[in-house]
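Let's take a friendly walk through this model, starting with a pair of helices and then moving on to the sheet. Have the viewer open as you read.

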Amino acid sequence: MRKIPELLCPAGSMEALKAALHFGADAVYGGMKRFGLRAFAGNFDEAQLRDAVALCHAAGKKFYLTMNVFPFDDQMDDFVETARIAHASGVDAAIVSDIGAVVTLRQAVPELALHVSTQASTVNTAAVKHYQQLGCERVILARETSLERIGRMTAQLD
């Protein structure tokens, strides 16, 4: 049975989130003021994040938080605390790029669902399997991955 693709749209502000939901998004992704790569997107503070998640969930939609920076060791405690805030806010998953971030979040906030960002440049089945073993629910492949390659990878993962 084929899965229906999820229409995922960016939402760097509450206005953009409302527009995405209005025009049929199944889910939105957005960042907080720290730890996202879309620095000029506006992004959400803690209270705005709670409101954004609540709005999505009230509409039967999902909210994924981008935490796709590559955190240095001295940033990891704040990174984990931000993930805890995100989980407490009800986000459906955090989108991460760094393997160290995956490992750290898996240990520190095991109940938070993780998706691997396209920023991780995943292009092969071995990497996808490794992320699966680490407990990641979704891997967003690199933009350069062709449909043909995706098909071959999918066949190896089923």
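## Helices α3 and α4

Helices α3 and α4 are oblique to each other, a label for angles left over once those under 35 degrees (roughly parallel), over 145 (roughly antiparallel) and 65 to 115 (roughly perpendicular) are set aside. Their axes come within 10 Å and cross at roughly 55°, with α3 spanning residues 76–89 and α4 residues 99–108. Axes here are lines fitted to C-alpha atoms, for helices over the stretch in contact, and angles run from 0 to 180 degrees between N-to-C directions. The crossing of α3 and α4 is right-handed, that is, the near helix is turned clockwise from the far one by less than a right angle. On the α3 side, M76, F79, V80, A83 and R84 make the contact, and on the α4 side G100, A101, T104, L105 and A108 do; contact means heavy atoms within 4.5 Å. By class, this contact has seven nonpolar, two polar and one charged residues. Nonpolar covers Ala, Val, Leu, Ile, Met, Phe, Trp, Tyr, Cys and Pro, charged covers Asp, Glu, Lys and Arg, and polar covers the others, Gly among them.

A word on the source: this is a predicted model, in which local features need pLDDT of at least 70 and side-chain atom pairs count only at pLDDT 80 or more, while totals for chains, interfaces and linings use all residues. Residues are numbered from 1 along each chain as its sequence is written, and side-chain values use heavy atoms, with hydrogens and water left out.

## Helices α5 and α6

How do the axes of α5 and α6 cross, and at roughly what angle? The axes of α5 (residues 125–133) and α6 (residues 147–157) come within 10 Å and cross at roughly 45°, so these two helices are oblique to each other. Their crossing is right-handed. From α5, T125, V128, K129 and Q132 take part in the contact, and from α6, M153, Q156 and L157. These residues divide into three nonpolar, three polar and one charged.

## The sheet

Six strands form an open sheet in the order β1-β2-β3-β4-β5-β6, and the pairing is parallel. Strands and helices are DSSP runs numbered from the N terminus: E of at least two residues for strands, H or I of at least four for helices. Two strands pair if DSSP finds at least two bridges between them. At the edges stand β1 (8–10) and β6 (138–139), each with a single partner strand, so one side of each is left without a neighbour in the sheet.

Y64 of β3 stands opposite Y29, and its bridge partner in β4 is A93. Elsewhere, G31 stands opposite T66 in β3, and M67 stands opposite V96 in β4. Five of the six residues of β3 are buried (under 20% relative accessible area, with over 50% counted as exposed and partly exposed in between, 1.4 Å probe, protein chains only), so β3 is largely enclosed by the rest of the structure. In β4 (residues 93–96), A93 and I95 point one way and A94 and V96 the other, and all are buried.

## A look at L55

L55 lies in helix α2 (residues 46–58). With a relative accessible area of 31%, L55 is partly exposed. Leaving aside neighbours within four places in sequence, L55 is in contact with M14, L17, K18 and L21. From L55 to A108, the separation is 53 residues in sequence and 27 Å in space, C-alpha to C-alpha.
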